[in-house]
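Please read it alongside the sequence and coordinates.

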Amino acid sequence: MSTSMKGMKPTTQDNAIQGPLGWGLLVIAAVVLLASLGYALSQLISSGHTSFNTNSALPWGQPIATYLYFALASSGLGLIASLPLVFGFKQFYPVAKRCIFLAFIVLISGMSVLALELGNVFRMLWAIPLNLQVQSAMFWMGVFYSLDLLFLLWKFSKLQGGEWDSKTAKQVGIASFIGVLLASGNLALIFGMMSMRPFWFDALLPIYFYFTGVTSGVAALVFFTYLAHGFNRQRMNPALQSLMTGAMPKLFAALIGGTLLFITVRAITGLYSNNPEINLVWTDYLFASPLYNAALVLGLLLPFVVMLSASLRNRVDVQLLVSCLVFLGLFAERFYFVVGGQVVPLFKGTWMPNLISYSPSATEWALTLIGWSLCFVLYLLGEKFLNLGDMPRQIAEKTPAAGDPAAGDLAAGDPATGAQASTA
Amino acid sequence: MAKWGMVIDLDKCTGCQACSTACAMENNTLPGESWQDVLFYNAGEYPSGQMKWLPRPCMQCENPSCVHVCPTRATYKDEEAGGIVFVDWNKCIGCKYCMIACPYGVRFYSDEKPLIEPDIRETFPSDNGQLWSPPYQNPEEDWRRGIGIQPPGVVSKCTFCYHKVKHAPEGIADLDEDNPAVKEYVPACVRTCAPKARYFGDLNNPESQVNQLIGDKHGVRLKDHTGNKPQVYYLGAGAGVPAFTPADRENDA
């Protein structure tokens, strides 16, 4: 690869995806993508959105939750990338390029799901820019996520060209960081400004979205970074090993804890409130659902407890398990957030004697699968052809010093990789 | 310029649902796509239990949250047309944000599972871009105002029967179905109302009967705390809709 030859330490030979494993996974992901896309398109063409289980009383279902999940995971990844690229946290350089790439493809996957959810997707391309409804948060969602996508692509092209520290690269990095903040913050306000939907109405929702977005971003990053190295930390560059046994798991633990804190205070406020449009959502929908409780306990609480232990949180298998659990736990969180805002009928009446029930149809599940499989396909292609493990030469070639706290963590947490790091 | 308003007297309304039926016939709506419906509910318990009902058209709000959220201006408030809120079916992208933002639940996305079988959309399949094409249709189709039968993938709603109201003589204070000169211009739900619980007129005209009724009989607006300021007013007891309670916990303390 020309970029790695030019000025970077060649890291590609350690990449497991570039071998037969990558092709195998690519074939599986592509088959899932084609099957789910084929099924969803056949349903949408033959029966339109009647193949969804949403209705006029509950218009936003799992496809919207999926989009929300991907859009926020993308923003989270963008924010992690800004740690080294904007704020100078050098230990995160080894994942910066993969972060930017993942942020881009995760957003593409989310937007693809949204495109299949909309009633008239192509009309959007001219109707939104030509009508300039600046009062609508959804108008700004289009503006900010388009900018976000553009800056991510631009930033990635800079990194792909080996430009880590040029003035333009820095400026694009800052623009990308601001784009991410605006996009995900505004996405939160799409829900948070709806005073007629009290379960969502919350001025601090952008903070909650940033937090949970970064948490899902880290979950994706940890999983995909290990996948790239065949789930074997010894194949990683020492700088990356040092990150994955030092700052990354600590950050991950703190983020899961913060997410739990947010959910807890939202739950306490909701349970305390007399307003049935908030209270009933918690008592009769969320906490009444075994799946929600399972997602909360297994998807967030258990990972947090496990990650509190210094010896456990540095193990590869534990990190992988936690990232998968958090990934799924936060997916459930998004689903219950979107649906929870709509389950209480707007009016008491015989038409709606109980909470509105909703469970996704096969077509809606197919849309979710499209998002996941498209994300995998794009990721595997990127890992194969774009040298995502690239990092600045001085980081790649730096040997962790004896007094380096990260190196200490490394030695304590994983003797095998510690030995590797010390000899590197 | 007129500002069309509706007054619904709940002390006269019998809950017969002639309005809902007339609306569906006039506007060729699908089962479940009730631009105008009547909510029935009970409140309290013996000996003070009440049976209540509430007719519910689009409130054509003065400050409509659905209009604010629409990213394409497909939903708009047409001051030239008496302040009626329309959906331009040529611009609607089907994002359904307006349905989220409407506090009254009076917007419909008909590309959904049929309420009853057989699916009438399959009985009268589309032949010209409409969602379905029944043999009788309102001849005054106007997709820019969401009048007629919608194409797939858009949101629909009550238009105050603008295709009728727009023919009313300019400057008229009230469209009263008992006035032979204007009865053809009266919205279908108002014209059909047997107990004459509905009134339709110009809220900007101090002489209008709707203004007098609101003033004399203490007209109130539904969910006024939302700030949407409906152009539909309710008279009599019953506009205070109780908070939602699940049916199985109706009698809980």
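1. Two residues are taken to be in contact if their C-beta atoms, placed from the backbone, lie within 7 Å. On that basis, 41 residues of chain A are in contact with 39 residues of chain B. Helix H5 (121-131), helix H6 (137-160) and helix H11 (276-286) of chain A each supply at least two residues of the side of chain A that touches chain B; H5(A) gives the most, with five residues. Helices (H or I, at least four residues) and strands (E, at least two) are DSSP runs, numbered from the N terminus. By class, this side of chain A has 20 nonpolar, 17 polar and four charged residues. Here Ala, Val, Leu, Ile, Met, Phe, Trp, Tyr, Cys and Pro count as nonpolar, Asp, Glu, Lys and Arg as charged, and the others, Gly among them, as polar.

2. On provenance, this is a predicted model, in which local features need pLDDT of at least 70 and side-chain atom pairs count only at pLDDT 80 or more, while totals for chains, interfaces and linings use all residues. Residues are numbered from 1 along each chain as its sequence is written, and chains are lettered from A and ligands numbered from 1 in the order in which they are written.

3. Chain B contains seven helices and nine strands. Its radius of gyration is 18 Å, close to the 18 Å that the globule rule gives for 253 residues, so chain B is as compact as a globular protein of that length. The radius is taken over C-alpha atoms, and the rule is 2.2 Å times the number of residues to the power 0.38. The C-alpha trace of chain B spans about 55 × 50 × 35 Å along its principal axes. Among contacts in chain B with a separation of 6 or more, 58% join residues 24 or more positions apart.

4. Of the 253 residues of chain B, 50% count as buried. A residue is buried if 20 or more other C-beta atoms lie within 10 Å of its own, exposed if 12 or fewer, and partly exposed in between, with C-beta atoms placed from the backbone.

5. An open sheet of three strands in chain B has the order E8-E1-E9, with mixed pairing; two strands pair if DSSP finds at least two bridges between them. Strand E8 (198-202) and strand E9 (232-235) of chain B stand at the edges, each with a single partner strand, so one side of each is left without a neighbour in the sheet. Strand E1 (residues 4-9) of chain B pairs with E8(B) in the antiparallel sense over five bridges. In E8(B), Arg198(B) is the bridge partner of Ile8(B), and Tyr199(B) that of Val7(B). Five of the five residues of E8(B) are buried.

6. The peptide bond from Glu117(B) to Pro118(B) is cis, with omega near 0°. Pro118(B) is found in the loop between strand E6 (107-109) and helix H4 (120-123) of chain B.
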